[in-house]
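The sequence and structure come first.

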4 protein chains.
Amino acid sequence: MTDANRESVKGNDPDRVVISAALTGALTTRDQCEAIPYTAEEIAEEAAAAREAGAAVAHIHARTDNGSPTYSTERYQEIKDEVQARTDIVVNFSTGAIHEPVESRAEYVRETQPEVAALNMGSMNYAKYSESREDYVFDMVFENSFSEIREMVTTMQEAGVKPELECFDTGHIGNTRPLLAEGKLEHPLHFSLIMGVLGGIPATAENLAHQVRQLPDDATWQVIGISEDQWRLVGAALAMGGNVRVGLEDNFYVSDGEMAESNADLVEKAARMARDVGREPATPDEAREIMSID
Amino acid sequence: MTDANRESVKGNDPDRVVISAALTGALTTRDQCEAIPYTAEEIAEEAAAAREAGAAVAHIHARTDNGSPTYSTERYQEIKDEVQARTDIVVNFSTGAIHEPVESRAEYVRETQPEVAALNMGSMNYAKYSESREDYVFDMVFENSFSEIREMVTTMQEAGVKPELECFDTGHIGNTRPLLAEGKLEHPLHFSLIMGVLGGIPATAENLAHQVRQLPDDATWQVIGISEDQWRLVGAALAMGGNVRVGLEDNFYVSDGEMAESNADLVEKAARMARDVGREPATPDEAREIMSID
Amino acid sequence: MTDANRESVKGNDPDRVVISAALTGALTTRDQCEAIPYTAEEIAEEAAAAREAGAAVAHIHARTDNGSPTYSTERYQEIKDEVQARTDIVVNFSTGAIHEPVESRAEYVRETQPEVAALNMGSMNYAKYSESREDYVFDMVFENSFSEIREMVTTMQEAGVKPELECFDTGHIGNTRPLLAEGKLEHPLHFSLIMGVLGGIPATAENLAHQVRQLPDDATWQVIGISEDQWRLVGAALAMGGNVRVGLEDNFYVSDGEMAESNADLVEKAARMARDVGREPATPDEAREIMSID
Amino acid sequence: MTDANRESVKGNDPDRVVISAALTGALTTRDQCEAIPYTAEEIAEEAAAAREAGAAVAHIHARTDNGSPTYSTERYQEIKDEVQARTDIVVNFSTGAIHEPVESRAEYVRETQPEVAALNMGSMNYAKYSESREDYVFDMVFENSFSEIREMVTTMQEAGVKPELECFDTGHIGNTRPLLAEGKLEHPLHFSLIMGVLGGIPATAENLAHQVRQLPDDATWQVIGISEDQWRLVGAALAMGGNVRVGLEDNFYVSDGEMAESNADLVEKAARMARDVGREPATPDEAREIMSID
Ligand SMILES: [Zn+2]
Ligand SMILES: [Zn+2]
Ligand SMILES: [Zn+2]
Ligand SMILES: [Zn+2]
C-alpha cells in the first residue's frame, strides 16, 4: 500500500487486517440461524474455529444455556476461561443493552477484565423499517447519556480494559472530546464505525470515508456493517486500510441466500477478501500490537 | 454563481438567501440577554424589525409573559396574530421539547397552522461540557422516537404545515427514508442542519458539506450554528449556496464580546455577509417560493 | 444494494458490474510479461477468454506483429474483425498517445467505428518516480488541449462512437462543461476515473469517492487503477457501485509476486471480488444497456 | 474557533488570516481596469496601501513601464527595493509563464531573493470558454514538467526563498511527493489552492474542502479564486480557517458591477469578511511566523 493511502489507514496496519468475529449478539436466536452459540463451551469452540479461519478478536455477548441474554459476571468469567483454554484470540466483551442498567454491565467488565470491551458513545433511534410490511419491525431509543458513558469508561480505565468506541453516527465520534479533556479516554483510541442501523449513519462507502476522516491520526478503526450491506462495507473498509468485523451477530449470510454454518464461514470470506486487496489477516498478537493492548 | 456550484446549492436559490430569525428559543432568559422577547407583542415587534433587516422567516417558541416556555395553543395563536398584523414574514413554530409530551406539541400546530413547523428527526445526547469547570453544564438525552416523529408529521400533513426537518447528525437525515416510503413526507423536503451541539455532529465546514451531500437534489436547506461557531458556519453556508438562521435562540453575540441589542442586529450582519458573497436576502414571498410553501 | 447507496452508484447498475479488460496497452512488452498479445489473432483470443472469465468490454491498443504501437486503420479493422468473429464483447479502442498527432488517431476511429473509444479529457504531467533509484523513471507532459479534445469528440460523434471520458484528475471531469454546452457531448456520459499515475489524482479510496461525486447523476463510471494500487481500487469501486477495468495494460499481477498468465486471470479475480460484495459480472449486452450503447 | 475545526485549519492560525494581495498579474491591462500598477513605484504604492487595508503579503509580477510582462532581474530588484522602502509587507514574486523558459524565471528569483516565490506544481489545460460566444476565449496547455519544477525549486532552495506551491488540481498536490522524497521540498509546506480556471479543479466549496484534506497537517494554505467565484471562495476559506488572496490579478470587482479603484479596496473587503467570522488580519510579521518564513 502506497503512502498516499495513509490518509484513511490512520493507526491501522495497511498490510495486516484485524478481523473481529462477533460470535453471538444478544438478540439473534437459533430459530433464525442454527449456528449461533449459547453456552460458554459453544462460544469458545466458535472462537477457536474463527481464530483458525483468520479472526484475531472475538466479540462476545453472554447467553444463558437457553439463549437469553445475561449480564452475569459468572457467565462472562466462564466464557473467558473457556475461550482462553482453547485459543489465543483477543477477548472482547459487549457492554451494550437497551434496558439493562449501567451498573450491572459495569460489574462484569470490572470483575472479568476482558482485554477489550465495547463502549457505546451516544444516543440514537435504533429501529428497523420493513418496506414490504410498511411498518417498523422495532422502534427504540438507544440511550447512552454522558453520565452513563462516563461511568462505564471509568470502570474500564480502572480495570485496565481497552474501550472499543462504538460510533453509530458522526456525533458519537465527537462525543470523545469531553472524555479526552477529562482524561477518561487516552490516545490512541480504538473505534468501531457501525453502519446500517436505521437511526444511525446510512451504510454507504462515502459515509464510511467521512467517519474515518473524523478520527485522530493515530486511532485504530474497524467497520461493522449490519445485515445486507455488510459485505460491501467490508470491501470498502479493506480498500481503505480499515479493520473489519463479521459474525453471526451482524449478518447470517455468506452470500445472498447462503446462510453461514459457523462464524468461521464468515471469517474465512473476510480473510479471502482481505488477501484479494493485498492484505493478510493479523494474528491475535499482531492485533494486540496494532491496537496497543497491553 | 456558476454552474459548478449547483452541487451544494441543492434546491436553494444560489442568488437569494433565506434568512431565518430564531427570535426567542425556549431556555434563554433576559438575565442572559435583555433583548429576548417574551410576550406576543414583543415577539411580533422583534419579527417585524428582523424582517426590515432582511429576515424572511421568524422561528418562534412561545413564552408566558414572565418568560417560561409554554405549549399553549392560545399563546401560539396570539403570537401568530400579532406577527401577521405587523409583517408578511413567514411564521415558523418550534415543536421541540425535552420533557413535554408530543400530544401537547402537536395540538398547537394543528390548531394554529403556522406556515412552517420544526420537526426533530431523531434522538441524540444533548449536552454541554465546560472545559474550565471540567464538568458538564447539562447532560440530557433528546428523545424523538420514530413513533413520536410520525405522530408529529402526521399532524403537520393534515394541517397543511410544511415540516422543517431538524437534523443534528447524519443519521437524522437518513431517518427521512421510512417516512418518505410511508408517504408521511413528500418532496421537496426542507432541512435545517444544526451544528455545534455536543452529542450531534461537530461544527465544521467539512461536516456541513457532508450533511449537504446527503440531501435530495431538490431539497432546500439552512444551517443553524449554535453559540460561538455560528458566524463561521453562516459564512460557510453562504459560500455553499445555503440558507442561514441567526437569532437570540442560537447566539447572543454580533461579534466576540459584543452582545446583540435585538434580533435585527444579528439579521443585519447575516444580510451583510450574504451580500459580501454576492447573494441578496430573499423577501418572505421569495422564501415561500424557494421553499415551496403554498 | 440498498437505496442509501445510489449516491455513488450514479448511472451504473448496483447489482451488475461491467468488467473491462485492457488487453494490451501501448507500452508494455513481452519482456515484461509474456502474456501480452500483439497480433490481431492474439488480441482476439485474449478478448474471447476474458469474456469467458466475466469481461464485458475489451479495451484495445493496436500493435504491429512485433509489438510496436501502431495507429494503422487497417490493423484496427483487422482486430475488430477478429474479435467479433470470436465473441460478443464490446469493442473499445484507445485514442491516447503522447506523440502521435490527433489526426491519425481520429482517422482509425472514424473508419473502424468501435462501439466505444477512449477520449482523454485534459493535460497533466505523466511521470513515474522511483524511490529506490531516487530518480524519475519517466517524466512527460501529457497534452490534450481543448482543440484536440474537440476534434476527437467531433469525430466520435459523427461516427456514432460512444466516448469513454478518461479523467486523471478533478479538473478533467470539469472539462466536460464546455463540451456539453457546445453539444459535443451528450448525457448520459461514461467516465473512466484513472488513479495512480504520478501527475494525476493520487490513488486513494477517498479520492475515488471525490471523483464520483463530481459526476452527473445519470453518468456511468469505472475505475482504472494503475499498478500496485489496482486491486485496492477495484475493491473500493465494487463497494461503491462502480464498474472496474483490469488487464495487462494496467497491472501484470494477480497478487503480490504472482504474474498473470493471461488477461482472463485478472478478469477472473475481478469477477470473484464482485461476487464477494454481492454483484454479478454484466454480460456484453447488459453492459451495452447500462452504458446506453446503441 | 473550537477544536473540532483544526481539521481544515491545518498549519494556519485559526484566529489570524494572512491576506495576500495579488497586485498586478501578467495579463491584465489598464484598458480593463485603470487601477492596475505597472511601474515599480506604482506597484510599491499599491503594496503599501494594501498593507494599510490589512494585507500581509504582496504577490507581484513585474511589468515594463508600458505594462508588458517582463522577467528582468533589474526590474524585479527595483520593485523589491521600492516596496521595502515603503512597507514591511512580505514580498512574494510570481514565477509562472506560459512561454518564458524556466531559466530566465529562475534567474530573477536567485538574484533578487524575495521572501516567497510562487511555484507551479503541475501541468493542465488553461482555458476560458464563453457561453455567450459559444467559443473558447483562450485555450492553452500550461506546461510544468517535473524537470522544470525541480529546476525552479532547486533555485529557491539555494536562494533561501520559501516556495508557495501553486496547485490547480488534486494531482498537483500529489506532485509534492517525489520532491519531498528527494529533499527538494521541506515541511512545513505552504500551498495556494487555485480554483476557477477551466482545466483545473472547479470552484466549489466542496472541492476546496477536498483539496485541503490532501495537505499535510502542518501545511499552511490559502485559496485563490479566479474571477466571479472569488468572493464565495474567500467566504468558504475564511470559514474553514484558510488564508486568502485577493487583488486585481484575480478579479477586478469589489461586488457585482462595482470595479475596484485599488487593490486596497479588495483587501479591505476581505478584512471585513474575516472579522465577520471572528478572525483578524495578520500583520506581515505574524504572517512570517505562521508561514515559517525566516
Ligand atoms: Zn455486540
Ligand atoms: Zn427553536
Ligand atoms: Zn489504454
Ligand atoms: Zn500571479
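## Zinc site in chain A

A:His61 counts as buried because its relative accessibility is 10%. Buried means under 20% relative accessible area, exposed over 50%, and partly exposed in between (1.4 Å probe, protein chains only). A:Glu249 has 22% relative accessibility and therefore counts as partly exposed.

The model is predicted: local features need pLDDT of at least 70 and side-chain atom pairs count only at pLDDT 80 or more, while totals for chains, interfaces and linings use all residues. Residues are numbered from 1 along each chain as its sequence is written, chains are lettered from A and ligands numbered from 1 in the order in which they are written, and side-chain values use heavy atoms, with hydrogens and water left out.

A:His59 (NE2), A:His61 (NE2), A:Glu249 (OE) and A:Glu249 (OE) coordinate the zinc ion (ligand 1) at 2.1 to 2.6 Å. Donors are N, O and S atoms within 2.8 Å of the metal (3.2 Å for Na, K and Ca); water is not among the atoms, so sites may look incomplete. The sequence spacing of the donor residues is H-x1-H-x187-E. A:His61 sits in the loop between strand 3 (57-60) and helix 3 (73-86) of chain A, and A:Glu249 in the loop between strand 11 (243-246) and strand 12 (253-255), 188 residues apart. Helices (H or I, at least four residues) and strands (E, at least two) are DSSP runs, numbered from the N terminus.

## Zinc site in chain D

The zinc ion (ligand 4) has D:His59 (NE2), D:His61 (NE2), D:Glu249 (OE) and D:Glu249 (OE) as protein donors, 2.0 to 2.7 Å away. D:His59 and D:His61 are buried.

## Interface of chains A and B

Contact (heavy atoms within 4.5 Å) joins 40 residues of chain A to 40 residues of chain B. The buried area is about 3,000 Å², with 52% from carbon and sulfur atoms. This is the accessible area (1.4 Å probe) that two parts lose on being put together, summed over both.

Four salt bridges cross the interface. The rule asks for a side-chain nitrogen of Lys or Arg within 4 Å of a carboxyl oxygen of Asp or Glu. B:Glu206 pairs with A:Arg213 in a salt bridge, with the closest N and O atoms 2.6 Å apart. Helix 8 of chain A gives the most to the side of chain A that touches chain B: five residues.
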